[in-house]
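Hi,

Here is the structure I promised to pass on. Have a look, and then read my notes below.

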Amino acid sequence: MRAFAFALILPIAGCALPRSPGSGDISTLDLDFTAEAHDDGATTVVEIHVDSPVGDVRFTGGDRLTLTAGGSGRPLTVVEDGDGIHYEASFGDADGDFTIDLLRPHDRSITGLAFYMPPSFGLAAPDIDADGPIALTWNAGDGQRYTSTVAIQGDCIEPFARALSKDTGSYTVLPAEFSPRGAGGRCPLDVSLERASTTSVEVNEVLRIGSLYATTTQARRVRIAWGP
Amino acid sequence: MGTLKWWAGIALGAAVCGCGGESAPPTTESVALDLLNLTADVKSNGSVILASVKLFDAEYQSVTVAGGDRLLLTAGGVEEEMVPFDGDYIEQIATSATDCAIVLARGDGARITSEFPLPPPFALYAPADPASLSAPFTFTWDADPGEHETRIEVSSPCFSLIQRSLTGDPGTYTIQPADLALSTASYAGTCDVDVVVTRLWARGVIAAELSPSDPVFTSQVRTTRFSASP
């Protein structure tokens, strides 16, 4: 009975743990970083989540999170929504290593936490006829640290996707490879090529505590008229 | 003690006369026709039709052809009795015909015929020029506008298996360098490349006397091999 009363009083007294605790109460070794970055050729959006055993972390008390991309510092905005708190940056086309630094006056700082954005490229919109192949061309890459996927969507076909084994800068898709949707026929198609990369590192390699997991995509989309 | 002997006698008798509760395997004589299921894999390479048939009852137990019944493969005017093999019945007929049927010939002379027409035959051609794995290579076959699917499988010790499924039948397909996940260990010298093109459709119809079934796929399969340089 006494335990029940205690449980009842705790929320009333405001003793529940905060959803986004201040960083001053959390050791650097308890921080896990998750980053997602997407570049559509015009705009790059980066979202960084910093998690701890007691929830999303709000940086306070002089702690400062920074992002460097394309050789330039990118201002981070704090975003709070129904899912918690995260940090977001938006800037133009960029590729290569993106770097997170966490500077802490009262605890260990983290610098040079890097994740990889695949190389930027341009995708050419092909001219096609109703039955001809769809020949795509783009700037070839070395494909060493990323995967490449061609995807084609339209109202008259089932979504088509093909993972490429090499990034040669060209790929041709035959209409016969599409599965018709509904009545089939011809319709405008959205053709995209996506280069994707994941990075998974330990923040402290000696203690094996703390981590960064990042997913990045460099995607281009063109719309082509596909019809008689 | 007398009662014990009595029970022992019953148990011994049951074992000797095979009354242990196990029922005899189902046969074409014991299973009602409308509960007899037939599935078949019928394919042609252009010169031989190969058929594999499985019979089973409503409880998915394999059914054996027994008594005076026989299971027959007919194609191109030839009829051969199918033979049991590893739980199935198989047979082949050397013919380029596309008419094919599986017949359950009953002891009383009745013939229960399931038709398995094959898709149009075709020839498959390897790349005309010497193939290179660093450039696109194209293989071709006789296109057909009919409503069938086309499946392609390209394999080699030098790269990972490539599989494609085409809704139509363009009669040509090109493997591009971006398709090739090269295996560096076996990538010295030339590579053998095997291409299998399968034309298939769901036009097989199980005899109305048997348990109802969806249409069954039949196929024409062609293979070719060529060498490709790095």
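First, what I mean by a pocket: on a 1 Å grid over the protein atoms alone, a cavity is a set of points where a 1.4 Å probe fits but cannot get out, while a pocket is an open set with protein on both sides within 12 Å along at least five of seven lines; lining residues have an atom within 4 Å of a point. This is a predicted model, in which local features need pLDDT of at least 70 and side-chain atom pairs count only at pLDDT 80 or more, while totals for chains, interfaces and linings use all residues. Residues are numbered from 1 along each chain as its sequence is written, chains are lettered from A and ligands numbered from 1 in the order in which they are written, and side-chain values use heavy atoms, with hydrogens and water left out.

The largest pocket has 19 lining residues, with A:D131, A:P175, A:A176, A:R186 and A:W226 nearest its centre. Its lining splits into 10 nonpolar, six polar and three charged residues.

Next, the disulfides (cysteine sulfur pairs within 2.5 Å): there are two over all chains. In chain A, A:C156 is joined to A:C187, S to S 2.1 Å, and the link is left-handed, with -75° about the S-S bond. These cysteines sit 31 residues apart, A:C156 in the loop between β12 and β13 and A:C187 in the loop between β14 and β15. A:C156 is buried at 4% relative accessible area (buried means under 20%, with a 1.4 Å probe and protein chains only), and A:C187 is buried at 8%.

In chain B, the sulfur atoms of B:C158 and B:C191 are 1.9 Å apart. That link is left-handed too, at -90° about the S-S bond. B:C158 lies in the loop between β12 and β13 of chain B, and B:C191 in strand β15, 33 residues away. B:C158 is buried at 2%, as is B:C191 at 1%.

Cheers

Conventions: Ala, Val, Leu, Ile, Met, Phe, Trp, Tyr, Cys and Pro count as nonpolar, Asp, Glu, Lys and Arg as charged, and the others, Gly among them, as polar. Helices (H or I, at least four residues) and strands (E, at least two) are DSSP runs, numbered from the N terminus. Buried means under 20% relative accessible area, exposed over 50%, partly exposed in between (1.4 Å probe, protein chains only).
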